[in-house]
Amino acid sequence: MKDIFFDLSVRSVRLNFLRSLLASIGIVIGVVAISSMGMLGTNMQLMMEAQLTEGINTIVITPDSVMSQSGSSSSSSSDGITKSQLNDIRDAAGTNTVIPIHSTSSEFSIGSDDGRGRIYGLDPTDIKETMNVTEGSTLHGESDALVGSSIASMFDLKIGTRIKIGEPNVSVTRPVVRVVGILEETGMSSSNGISTDNAIVVSDDWYTKEFGDENLYDQVNVLLDDVNTLDAVEEAIDKKVNRNKDVVRISDSSSRITSVSSTLSSLTTFILAIGSISLLVAATSIFNVMMMSVSERVQEIGILLSIGTEPREVRRMFLYEAFILGLIGAVVGGFMSLIIGYTVVGAMIGSTDYFFLPESLIYVPAGMAIGMIVCILSGLYPAWRASNLDPIDALRAD
Amino acid sequence: MGTTPLIQLSDVTKTYHLESGDFTALNHVSLDIGENDFIAIMGPSGSGKSTIMNQLGILDVPTSGELYIAGRDVAKMTNLERTHMRRDIIGYIFQKFYLIPLLSAYENVEYPLILKYKQRDKTGKATDLLNAVGIDEEKSSHRPSQLSGGQQQRVAIARALVNDPRILLCDEPTGNLDRKTGTQIMDILIDLHEKGKTVILVTHDPKIAEYAHRTIQLEDGRIVES
């Protein structure tokens, strides 16, 4: 059934086209603001979470940095995780993969260029578990090495480039490794305690041959098969290894994820609140337009009421009008939100990988719905006012 | 003949509270109007013509006294009941026509049917009535602003008749029309009276009042001559 009150509303909107259009633009802006702000926040959150959760199943064990009791005799070589502690960790970790890691900071030379970076020594099979090679292959020969993406681009490294490791010293021949692969960029958010972007990764055999410390590790990672066992495994390791005093520090990235997520979600709420201000402005303009519409049509309302139109029918007519303004605003706004949101997310986050996920796209219909609700709410009072006019007074108005 | 008149005013007073003090627009008015009466109400400005029309049109209720229309006490009805009474048993014809500007002539006539039956009209009644008052198909699609005064009043009469009201309230129906058009409109009203409608007419013009069977003269809110 075609409702005559809907027709009347459409005609009224058309009659005052420019005014209605301007009021709708307010809603468009409000919807766009809410949707794109919401999407921006969510995309940021999703990206950070994805980066952080990459290593969430990793427990990082490092030597407790408190110096050993014998003070003067302590050296860098004694500051590490010993073979027996490693065995304790393996016992406590059960079937989970345990990866002992050597690392040190060292100078190196590529041709005539000198640099400094981290050197990691790992068992070649463990490397596959923790790192991704984007170019070339993983370690095969003893003097093969993988390099981080930052070093690779800084020194323009290619597969096959040779790197001399150690301090440049004329009198000593420095050991040489050959680049066989370049590692994927990990960014700042390394959750497994290894930051390879500015590092050279070699086999543990090569590392201990050159740097010693065969039975002393700088870090041990435990890769969990099931992330839900995180607390249990950490507790087991703590009991076993730290039974007398704290000799190792056990950490993971879960607490970091929680705190970063909650920071980001309050940030999202904050920017949504800013977006909402524009809807408040839009509400005011819709309210204004509706009040104008009522006061311009007082006599018409008087005619409607005097010939037997029910007050609720008059109310409906004005709510339809608010609904139409809201619908136009919401549809145009929803469409523009997709375009503007995509642009803003791309420009500010640098990645639109998460844009089309439901968590992100939900802000478009949500923004549209909020825009429409705001519109109808703004129309409530004007509609109520129109329906409560006294027909005699309204008829007399001119 | 039925014993109860269609409209019965007993001792009706209407007082308006103004800042300058109370103003009594109707002062203890008693009046019976029977089925198929043709009544002219006359009187100078401010004599209470409009007030009594608002009472008869169920747009207002008496301050004191009793007003029965079609056997129902107007003061005791709810707002919604009064609205339905206005829609169903009264047809209004105003001096300024008061058509709905956003609707075409046809839709203006169809409108009360939609109010009553909550759906668009499929009976063709609106078209029939428009034809009967001399508005053709082409004119029916026009908005009121595109019609002459006489045409608008014809549309307004068709609108007033569409729900088969028992009472036609005409507030200076010819007041905005030239004499020739006014006569045509009066001919339509006389015809409707002959077909059984109760016609109540407010006018300044004694010539128009001559058409009525009974003339009521108002002065300062009282009936001075009946």
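**Entry 1: overall dimensions of chain A.** I started with the radius of gyration: chain A has 34 Å, whereas a compact globule of 398 residues would have one near 21 Å. For my own reference, the radius is taken over C-alpha atoms, and the globule rule is 2.2 Å times the number of residues to the power 0.38. I then looked up the spans of the C-alpha trace of chain A along its principal axes, and they come to about 110 × 50 × 40 Å.

**Entry 2: ground rules.** I noted that this is a predicted model, in which local features need pLDDT of at least 70 and side-chain atom pairs count only at pLDDT 80 or more, while totals for chains, interfaces and linings use all residues. Residues are numbered from 1 along each chain as its sequence is written, and chains are lettered from A and ligands numbered from 1 in the order in which they are written.

**Entry 3: domains and make-up of chain A.** The domain assignment (automatic or from a database) divides chain A into domain 1 (4-52 + 258-396) and domain 2 (58-252). I found their centres, taken over C-alpha atoms, separated by 56 Å. For secondary structure I took DSSP runs, numbered from the N terminus: helices are H or I with at least four residues, strands are E with at least two. Chain A has 13 helices and 12 strands. Buried residues (20 or more other C-beta atoms within 10 Å of their own, with C-beta atoms placed from the backbone) make up 41% of the 398 residues in chain A. I count a contact when two C-beta atoms, placed from the backbone, lie within 7 Å. Of the contacts in chain A with a separation of 6 or more, 84% join residues 24 or more positions apart.

**Entry 4: a strand in chain A.** Strand S3 (residues 97-110) of chain A runs antiparallel to S7(A), joined by two bridges, and A:Phe108 stands opposite A:Ile165. S7(A) also pairs with strand S8 (residues 176-183) of chain A, antiparallel over three bridges; there A:Arg162 stands opposite A:Arg178.

**Entry 5: where the chains meet.** I counted 18 residues of chain A in contact with 19 residues of chain B. On the chain A side, helix H1 (4-15), helix H9 (298-306) and helix H13 (391-396) each supply at least two residues. H1(A) gives the largest share of that side, five residues.

**Entry 6: a sheet in chain B.** I traced an open sheet of four strands in chain B, in the order S2-S1-S4-S5, with antiparallel pairing. Strand S2 (21-33) and strand S5 (72-73) of chain B are the edges, each pairing on one side only. Five bridges join strand S1 (residues 7-18) to strand S4 (residues 64-69) of chain B, and B:Leu9 has B:Leu67 as its bridge partner.

**Entry 7: one alanine.** Last, I checked B:Ala212, in the loop between helix H8 (206-209) and strand S9 (214-219) of chain B. Why does B:Ala212 count as buried? Because 21 other C-beta atoms lie within 10 Å. Leaving out residues up to four places away in sequence, B:Ala212 touches B:Phe38, B:Ile39, B:Ala40 and B:Leu201.

Conventions: Two strands pair if DSSP finds at least two bridges between them. A residue is buried if 20 or more other C-beta atoms lie within 10 Å of its own, exposed if 12 or fewer, and partly exposed in between; C-beta atoms are placed from the backbone.
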